[in-house]
Amino acid sequence: MRLWRRPRGPGGRGAVLPGATVAPLAPAYDAVIVGAGLQGLALSYELAKRGAGRIAVVDAAYPGAGASGRNGEMIRSAFASPEWIALFDDSLRRWHTLSAELDFNVLFTPAGYVLLASTEAAREAQRTAVGLQRRHGLEVEMLGHDDVRRLCPAIAPDMIAGAILQTDAGFAHHDATVWAYARAAARLGVEIHPYTKVTAIGVAGGAVRSVKTDRGEFATPLVVDAAGGQSRDVAQLAGVDVPVKVFRLEAMVTEPLEPFLRPAVSSPAIMGYCHQTTRGEFVGGTEPDAPVPCDTLRTSVEGARDMAAKFVRLFPALAGVRMMRHWSGLVTQTADVAPVLCEAPECRGFYLDCGWVYGFVGAPAAAALLAELITMAAPPPALAPFTVERFARGELIRETSLVVAAEAG
């Protein structure tokens, strides 16, 4: 495996990063992916598997520096719309075999995923959703109050009206998954260039022609925008507008605790999601009533207080437990909170892989399907609802099971 050493800057020291290349930028590439997060790395791997030619992944920071290394790690496909179920259940199936395929343990733990209902109204909505999920072949169960108490005895009883349990869902480790895809892509010849900022995208005749970076310029007929929180800025370099806004999410991890929570749990009542790692840490995040517009990774005291208060409300035994780390990440949110996965209609060869809020969950399937779209020039049916044109047509995807704050106004 090749290694890349960060060039020394004024007073700087080199840092070795696995899965990245020491080679300088080539004069031309068959495909360039902007963003070395999970979306970009997974797509580079899938394209390389299909023999897509010489591929480069460029990132202004290091692999996994953005949301890919800052998310809640939870994985499910038990959503409430056919569009989300089709895409994310494809992804869940791939998570089950991902460690073997990539020859690297991503620590996927199919411990189950509990979608908690705390009111009778939420319980009724779950009854409708579980019917749709079963028709799509999902492994889901409806749980009553006592069932939830037996499965998750640490949850406050008054927070339980019922739940949906997806038995084959769970969680994985975000850093392990980023490095697994990076290593696998590098083995197939993908060049990963960290600390390489895209400054211009050459477009002529309505098609991509070149990319300019702060390390040099090269020709390419194909660019994929997988730049996460910077995806709208990258798209604008190609004259493409992506209707996304950037928001901050915050998460935390506690000191190791005795095992008390086997499945992953999400609770719309507190706008929170959490799980306990195999080492005992409680990991999770909560969201405010309205999303926080933000383009930095600075955390807030308000965010820490929100998580502490809400998680103690849900799990009273957490009172007095020490919070060991608290961090934030950026998400690009569309009007319907669904991703944008398509070729930009106004620029041939420029593909969009952005607008992700549940990007960790969906990466394996999105990468495979986008690679199919790029190499076969035919959109897979599961991608059809996620084109950018849906916003102009007013065909927004309605998904009601998300633990995501709605935009104010």
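# Helix packing and sheet pairing in a predicted model

The mean pLDDT of this protein is 92, and 94% of its residues reach 70 or more. The structure is a predicted model.

Biologist: Is helix α1 roughly parallel or roughly antiparallel to helix α6?

Modeller: Helix α1 spans residues 38–49 and helix α6 spans residues 174–187. Their axes come within 8 Å and cross at roughly 30 degrees. Because angles under 35 degrees count as roughly parallel, α1 is described, relative to α6, as roughly parallel.

Biologist: Is the crossing of α1 and α6 left-handed or right-handed, and how many residues of the contact are nonpolar?

Modeller: The crossing of these two helices is left-handed. From α1 the contact draws on L38, L41, A42, S44 and Y45, and from α6 on T177, V178, Y181, A182, A184 and A185. Among the residues of this contact two are polar and no residue is charged. The nonpolar residues number nine.

Biologist: What is the handedness of the crossing where α1 passes α9, and how many residues of the contact are charged?

Modeller: The crossing of α1 with α9 is right-handed. On the α1 side, L38, Q39, A42, L43, E46 and L47 take part, and they meet residues of α9 including F360, A363, A366, L370 and I374. The contact has 12 nonpolar and four polar residues. The number of charged residues is one.

Biologist: How does helix α2 lie relative to α9?

Modeller: Helix α2 is formed by residues 82–95, and its axis comes within 7 Å of the axis of α9. The axes cross at roughly 95 degrees. Because angles of 65 to 115 degrees count as roughly perpendicular, the orientation of α2 to α9 is roughly perpendicular.

Biologist: How many residues of the contact of α2 with α9 are nonpolar?

Modeller: In α2 the contact is made by L87, F88, D90, S91, R94 and W95. In α9 the partners include F360, V361, P364, A365 and L369. Two of the contact residues are polar and two are charged. The nonpolar count is 11.

Biologist: Which strands are the edge strands of the open sheet of six strands?

Modeller: The order of this open sheet is β10-β4-β3-β14-β22-β21, with mixed pairing. Neighbouring strands are turned by 15 degrees against each other on average, direction ignored. An edge strand pairs on one side only. The edge strands are β10 (191–193) and β21 (340–343).

Biologist: Do strands β14 and β22 pair in the parallel or antiparallel sense?

Modeller: Strand β14 holds residues 223–225 and strand β22 holds residues 350–354. Three bridges link them, and V223 stands opposite F350. The sense of the pairing is parallel.

Biologist: Which residue takes a positive phi in the hairpin of β21 and β22?

Modeller: β21 and β22 run antiparallel and are joined by four bridges. C342 stands opposite L352 in β22. Between the strands of this hairpin there are six residues, and the phi in question is near 85 degrees. The residue is G349.

Biologist: What is the average twist from one strand to the next in the open sheet of three strands?

Modeller: The strand order is β11-β12-β13 and the pairing is antiparallel. β11 and β12 pair over six bridges, with I201 opposite V211. The edge strands are β11 (198–204) and β13. The twist averages 20 degrees.

Biologist: How many residues lie between β12 and β13 in their hairpin?

Modeller: β12 (residues 207–213) and β13 (residues 216–219) run antiparallel and are joined by four bridges. T213 stands opposite G216 in β13. The number of residues between the two strands is two.

How values were computed: Residues are numbered from 1 along each chain as its sequence is written. This is a predicted model: local features need pLDDT of at least 70, side-chain atom pairs count only at pLDDT 80 or more; totals for chains, interfaces and linings use all residues. Side-chain values use heavy atoms; hydrogens and water are left out. Axes are lines fitted to C-alpha atoms, for helices over the stretch in contact, and angles run from 0 to 180 degrees between N-to-C directions. Angles under 35 degrees count as roughly parallel, over 145 as roughly antiparallel, 65 to 115 as roughly perpendicular and the rest as oblique. A crossing is left-handed if the near helix is turned anticlockwise from the far one by less than a right angle, and right-handed if clockwise. Contact means heavy atoms within 4.5 Å. Ala, Val, Leu, Ile, Met, Phe, Trp, Tyr, Cys and Pro count as nonpolar, Asp, Glu, Lys and Arg as charged, and the others, Gly among them, as polar. Two strands pair if DSSP finds at least two bridges between them. pLDDT is the predictor's confidence in each residue, from 0 to 100.
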